[in-house]
Amino acid sequence: MTTIAPGQSRATAPAIGTAVDELDTPAVIVDLDRLEANLSEMATRASRAGVRLRPHAKTHKSAWIAAEQLRHGASGLTVAKLGEAEAFVDSGATDVLIAYPIVGDGKLGRLRELALRARVIANLDDVTVAEGLSRMARTLPKPLEVMVEVDSGLHRCGRAPGEPSAATALEVARLPGLTLLGLLTHAGHSYRAKSPEERDAVALDEARALVDTGHALANHGVEVAEMSVGSTPTAASLGAVKAAYPAITEIRPGTYVFNDVNQISLGVAEEADCALRVVVTVISRPAGDGVVVDAGSKTLAADAGPQAGFGRVVGQPEFVVEKLSEEHGVVAIPPSARVRIGDRLEIIPNHACPVPNLADWILGLRDGRVEREIRIEARGRNR
């Protein structure tokens with residue numbers, strides 16, 4: 001009997017040139033032409049507005065896609081976790097913002113090793129976190145750059161804009177071993193916007209939170225070089241944001257690289273803009289008004305979206321991905337729909353970001369055929 005060595009898998013990526021309808025399923029695919037268009041469009045938007053683009057690489061977790069983002073003009077990368085930063089630096093990245101507080105001696109030791117190899121910017125919202133960074137950074141050959149996170153309405157990390165966040169930043173600026181680089185916020189609540197007007201208002205509030213905090217710092221004699229905002233929905237309002245608040249220097253969108261059902265629902269993308277899809281096979285039609293496909297929450301993720309269901313079936317707006325278990329997807333269809341066991345469907349996930357983290361590799365297709373295997377080097381690097 002054939003044995004599999006530790007770390008090996010029977011599953012291998014299909015050969016270059018394989019047609020999409022020949023892929024074993026479920027298969028996570030990326031349309032390379034659409035991916036490149038998405039990268040180019042966001043880079044152009046940032047350039048025209050006069051801001052730097054530092055995309056959030058947690059969306060794809062792929063060294064190759066990160067390199068493509070840099071090739072299209074990104075100034076550096078953003079990541080959520082230290083493990084992601086390590087994976088990207090191991091793959092050649094030289095400028096990484098970790099948009100997450102680093103707490104604990106073990107992580108501080110890893111951060112120190114990373115800071116000796118690349119430019120690493122830390123993020124925090126509390127002096128206690130800054131003190132730990134300061135103790136570590138005093139052993140580095142040069143100061144560690146840090147950003148102070150401001151709460152612009154998400155109510156997750158960050159203190160209130162203006163004096164509360166400025167007070168934290170002032171204490172951070174006095175700590176040895178650290179350089180206060182700037183202010184950062186994430187308007188994740190933009191995903192709850194009910195209209196383009198509400199989305200625009202969130203984007204303006206996001207920028208205002210940083211500018212008000214910057215003014216408060218300036219009143220205390222402290223200037224910051226960076227004001228960094230970030231989300232794909234609010235990036236759609238970048239022109240208006242930059243016109244109203246020219247002090248904004250950087251954007252950190254992530255999902256734009258693929259787009260997804262959330263972005264369609266928010267009006268910042270259309271189905272044709274969605275580069276990432278999951279190809280599935282119909283494995284059962286137990287009733288006239290429903291089929292079962294071979295992808296569940298372990299492939300599509302289980303994020304609920306603003307519309308009904310757990311994804312969007314490409315070209316079939318009347319189909320609803322009604323229910324997911326781990327390996328099964330139940331899709332409601334019109335009884336008259338001509339769908340048979342063995343047929344293929346493509347599903348756009350509600351939220352693209354968790355999907356690559358569920359795969360060892362995804363497939364880059366052009367003109368319906370596999371052009372490259374895209375490894376997910378930062379998969380599972382969540383510590």
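Is arginine 312 buried, partly exposed or exposed, and what is its relative accessible area? In this predicted model, select arginine 312: the residue is partly exposed, with a relative accessible area of 24%.

Within it, arginine 119 and glutamate 145 have their closest N and O atoms 2.7 Å apart. Arginine 119 belongs to strand β5 (residues 119-124) and glutamate 145 to strand β6 (residues 144-149).

Proceed to aspartate 33 and arginine 366, a salt bridge with closest N and O atoms 2.5 Å apart. Aspartate 33 is in helix α1 (residues 32-49) and arginine 366 in strand β16 (residues 361-366), so the pair ties together parts that are 333 residues apart in sequence. The whole structure holds 24 salt bridges.

For a contrast, select glutamate 206 in helix α7 (residues 196-219). Glutamate 206 is buried but has no salt bridge, and the nearest side chain of opposite charge, arginine 252, lies 5.9 Å away. Its contacts beyond four places in sequence include Ser152, His186 and Thr234.

Finally, display the largest nonpolar core, of 98 residues, where Leu111, Leu133, Leu144, Leu178, Ile248 and Phe258 touch the most other members. Apart from it lies another core of 7 residues, including Val279 and Leu363.

Conventions: Residues numbered from 1 in each chain as written. Predicted model: local features only at pLDDT ≥ 70, side-chain atom pairs only at ≥ 80, totals over all residues. Heavy atoms only, no water. Core = buried A, V, L, I, M, F, W, Y, C linked by side-chain atoms within 4.5 Å. Buried < 20%, exposed > 50% of the residue type's maximum accessible area, 1.4 Å probe, protein only. Helix = DSSP H or I, 4+ residues; strand = E, 2+ residues; numbered from the N terminus. Lys, Arg positive; Asp, Glu negative; His and termini not counted. Salt bridge = Lys/Arg side-chain N within 4 Å of Asp/Glu carboxyl O. Contact = heavy atoms within 4.5 Å.
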